[in-house]
Amino acid sequence: IEARDAYTGGHVWRVARFSEVLARREGLSGRETFRASMGGFIHDIGKVAVPDAVLQKPAPLDDEEFALMKTHAAVGSRIIKPIAQLAFVNPVVRSHHERYDGRGYPDGLQGEHIPLVARITAIADTFDAMITDRPYRRGLDVDVALQEIRKHRGSQFDPHLADVFIQCTPDDLGRSLDSIRKWRSADRRPDASDLIDLLPLNLPRAA
């Protein structure tokens, strides 16, 4: 992912951590918290199939380009489907752009028909996209981004999970970013384990 697009590479690390923060705040089990975190890390894998002209465009996408970008959720799901160790995060990869009101993609799922971990990642994903600088716009202040989450609770986002995320403090979110820096530093060491080694291989395989 990082080789194709530096922004997406950093984005997935942050989404993984924000997803973990929300999952812990929601009181999910350790297994489900890990699934939310790893799902956040893998969620944009389908972008490896998006053309560079679209993926790295330094301006907002037009309708045709956005249609191409939207394919990444279903493509990512197909990429990881044969990989047994990643089956448990496939609901996140496929459904992180579904909307609570049913107007999302690729399947138009609505409400609690959207997997819980995907509803978590949808909030973390959008929040990070809003606060991050892009070539064509400045990132929003955290408070403004949280107001946007509140504004779209019940339409784009699960209203309960949106309320839980809004209650996260700047320290919660800041500590999660500090963790990213430590992880990435460790990952650069010659003796560091590959990220796949973090997967608990004894987990039941999930569809």
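The following exercises, each with a worked solution, concern a predicted model.

**Exercise 1. Describe the secondary structure of the protein chain and state what share of its residues is buried.**

Solution. Start with the element count: the protein chain has ten helices and zero strands. Along the sequence this gives the pattern α-α-α-α-α-α-α-α-α-α. Then take burial: 46% of the 207 residues count as buried.

**Exercise 2. Decide whether Glu 20 is buried or exposed, and find its side-chain partner.**

Solution. First place the residue: Glu 20 belongs to helix H1, which spans residues 6-26. Next apply the cut-off, under 20% relative accessible area for buried. Glu 20 has 13% relative accessibility, so Glu 20 counts as buried. Finally look for N or O atoms within 3.5 Å. The side chain of Glu 20 makes a polar contact with the side chain of Arg 17, at 2.5 Å.

**Exercise 3. Classify the ring pairs Phe 18 with Phe 127 and Phe 34 with Phe 88.**

Solution. Two quantities are needed, since a pair of aromatic rings is described by the distance of the centres and the angle of the planes.

Step 1. Ring centres must lie within 6.5 Å to count as a pair. The count under this rule is four aromatic pairs.

Step 2. For Phe 18 and Phe 127 the centres are 5.2 Å apart and the planes stand at 80°. Planes over 60 degrees apart count as edge-to-face, so this pair is edge-to-face. Phe 18 sits in helix H1 and Phe 127 in helix H7 (residues 116-131), so the pair ties together parts 109 residues apart in sequence. Both Phe 18 and Phe 127 are buried.

Step 3. For Phe 34 and Phe 88 the centres are 6.0 Å apart and the planes are at 0°, so the pair is stacked. Phe 34 is in helix H2 (residues 30-42), while Phe 88 is in the loop between helix H5 (72-80) and helix H6 (90-95), 54 residues apart. Phe 34 is partly exposed, at 24% relative accessible area, whereas Phe 88 is buried, at 5%.

Step 4. Ring pairs also join Phe 18, Phe 127 and Phe 165 into a cluster.

**Exercise 4. Determine which residues of helix H9 are buried and which residue caps its N-terminal end.**

Solution. Helix H9 covers residues 159-166, and six of its eight residues are buried. The buried residues are Pro 159, Leu 161, Ala 162, Val 164, Phe 165 and Ile 166. For the cap, check side-chain oxygens against backbone nitrogens: one from Asp 158 lies 2.9 Å from the backbone nitrogen of His 160, and Asp 158 caps the N-terminal end of H9.

**Exercise 5. Characterise the largest pocket by volume and lining.**

Solution. The pocket holds about 980 Å³ of space. Its lining consists of 32 residues; Phe 66, His 97, Tyr 105, Asp 125 and Ala 129 lie nearest the centre. By type, the lining divides into 14 nonpolar, eight polar and ten charged residues. H1, helix H3 (52-55), helix H4 (63-70) and H7 each contribute at least two lining residues. H7 gives the largest share, five residues.

Conventions. Residues are numbered from 1 along each chain as its sequence is written. This is a predicted model: local features need pLDDT of at least 70, side-chain atom pairs count only at pLDDT 80 or more; totals for chains, interfaces and linings use all residues. Side-chain values use heavy atoms; hydrogens and water are left out. Helices (H or I, at least four residues) and strands (E, at least two) are DSSP runs, numbered from the N terminus. Buried means under 20% relative accessible area, exposed over 50%, partly exposed in between (1.4 Å probe, protein chains only). A polar contact is a pair of N or O atoms within 3.5 Å; within protein, one must be able to donate a hydrogen and the other to accept it, and residues adjacent in sequence count only if both atoms are side-chain atoms. Rings of Phe, Tyr and Trp (its six-membered ring) pair if their centres lie within 6.5 Å; planes under 30 degrees apart count as stacked, over 60 as edge-to-face and the rest as tilted. On a 1 Å grid over the protein atoms alone, a cavity is a set of points where a 1.4 Å probe fits but cannot get out, and a pocket is an open set with protein on both sides within 12 Å along at least five of seven lines; lining residues have an atom within 4 Å of a point. Grid points are joined across faces, edges and corners, and a volume is the space filled by probe spheres set on the points. Ala, Val, Leu, Ile, Met, Phe, Trp, Tyr, Cys and Pro count as nonpolar, Asp, Glu, Lys and Arg as charged, and the others, Gly among them, as polar.
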